[in-house]
Amino acid sequence: MDGHSRNPNADVIAAGREPQADHARPARLARLLAIAEAAALVAVTALALHYRAEATRPRPGGVSPAGQSASALPEMTSVMLRLPAGRPIAGTVLITATAQPGGARAQFMVSAVITGGQPDTVYDLVGNDCSTVAPLPDHVWATGLTDTAGRAQLTGYAWTGAVADEYWLALSPSPVYASPGLRGRFAQGSAAPFPEGRAPCAPSP
């Protein structure tokens with residue numbers, strides 16, 4: 001995404017009223033929130049189980065990390081954000097992270113729900129680490145197949161990353177060229193939209 005120019009006229013989802021659809025908006029938002037909450041429960045449960053399995057895995061020498069820090073419970077954080085993707089797609093992204101207090105690395109998972117997509121189409125949340133020195137292929141954080149109405153739940157895997165690193169994500173395929181997305185410290189369970197017309201990892205002005 002860094003090497004592409006952005007369309008300055010491309011629309012970004014706004015929080016305003018939709019013409020000729022005001023009566024249906026509360027019901028759509030309620031359904032979207034219910035799907036997002038279900039996705040959040042699945043993500044939190046999967047990440048907690050994955051973290052527990054990693055934490056209790058014996059290390060060389062027969063010492064278990066759980067035995068070393070039995071009193072230190074992992075901290076779990078999550079953030080649910082609107083997905084900047086461009087009309088007609090709307091969506092919500094959930095980023096959940098788990099880490100030992102004071103730890104340098106954490107495990108995180110990205111998931112999302114979208115509406116307004118093309119029917120029977122695979123959508124991905126793609127992105128990368130902003131802190132890498134050498135360019136690496138983009139990751140697929142989450143993926144899902146839309147139904148006949150263009151709705152999909154995008155699920156991902158647990159990733160291990162540096163707590164201090166910044167990451168980014170964007171929807172692919174997107175209805176706008178070089179779509180905007182989210183950027184933040186995913187391993188801390190935090191993110192925010194990156195502005196239109198700028199590369200996702202560009203430094204703030």
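Me: Is Cys130 buried, exposed or partly exposed?
Reply: Keeping in mind that this is a predicted model, Cys130 comes out as partly exposed, because its relative accessible area is 21% and buried would mean under 20%.

Me: And which residue is Cys130 joined to?
Reply: A disulfide joins Cys130 to Cys201, with an S to S distance of 2.0 Å. Cys201 counts as partly exposed, with a relative accessibility of 24%.

Me: Which parts of the chain does that pair tie together?
Reply: Cys130 sits in the loop between β4 and β5, whereas Cys201 belongs to the segment after β10, so the bond ties together parts that are 71 residues apart in sequence.

Me: Left-handed or right-handed, and why?
Reply: The disulfide is left-handed, because the torsion about the S-S bond of Cys130 and Cys201 is about -80 degrees.

Me: How many disulfides are there in the whole structure?
Reply: A search of the whole structure turns up one disulfide.

Me: What share of the residues counts as buried?
Reply: Of the protein's 205 residues, 37% count as buried. The accessible surface comes to about 11200 Å², and carbon and sulfur atoms account for 58% of that surface.

Me: Which residues touch the most other members of the largest nonpolar core?
Reply: That core has 27 residues, and those that touch the most other members are Val93, Val110, Leu125, Leu154, Leu169 and Phe186. At least two core residues come from each of β2 (90-99), β3 (105-115), β4 (122-129), β5 (139-145), β6 (152-156) and β8 (167-172). The largest share, five residues, is supplied by β3.

Me: Let's stay with Phe186; what is it in contact with?
Reply: If neighbours within four places in sequence are left aside, the contacts of Phe186 are Ile95, Ala97, Phe108, Val110, Trp141, Tyr167, Trp168, Leu169 and Ala191. Phe186 counts as buried because its relative accessibility is 0%.

Me: There are several aromatics in that list, so how many aromatic pairs does the structure hold?
Reply: There are seven aromatic pairs. In one of them, the ring centres of Phe108 and Phe186 are 6.1 Å apart and the planes stand at 75 degrees, so the pair is edge-to-face. The two residues are 78 residues apart, with Phe108 in strand β3 and Phe186 in the loop between β9 (181-184) and β10 (192-193). Phe108 counts as buried too, because its relative accessibility is 1%.

Me: What about Trp141 and Trp159, how do their rings sit?
Reply: Their centres lie 5.0 Å apart and their planes are at 75 degrees, so Trp141 and Trp159 also make an edge-to-face pair. This pair links strand β5, which holds Trp141, with strand β7 (residues 159-162), which holds Trp159, across 18 residues.

Me: Buried or partly exposed, for each of those two?
Reply: Trp141 counts as buried, with 1% relative accessibility, while Trp159 is partly exposed, with a relative accessible area of 25%.

Me: Last one: which residues do ring pairs link into a cluster?
Reply: The cluster is made up of Phe108, Trp141, Trp159, Tyr167 and Phe186, linked through ring pairs.

How values were computed. Residues are numbered from 1 along each chain as its sequence is written. This is a predicted model: local features need pLDDT of at least 70, side-chain atom pairs count only at pLDDT 80 or more; totals for chains, interfaces and linings use all residues. Side-chain values use heavy atoms; hydrogens and water are left out. A nonpolar core is a set of buried Ala, Val, Leu, Ile, Met, Phe, Trp, Tyr and Cys residues joined through side-chain atoms within 4.5 Å. Buried means under 20% relative accessible area, exposed over 50%, partly exposed in between (1.4 Å probe, protein chains only). Helices (H or I, at least four residues) and strands (E, at least two) are DSSP runs, numbered from the N terminus. Contact means heavy atoms within 4.5 Å. Rings of Phe, Tyr and Trp (its six-membered ring) pair if their centres lie within 6.5 Å; planes under 30 degrees apart count as stacked, over 60 as edge-to-face and the rest as tilted. Accessible areas come from the Shrake-Rupley method with a 1.4 Å probe; for residues, only the protein chains shown count as cover. A disulfide is a pair of cysteine sulfur atoms within 2.5 Å.
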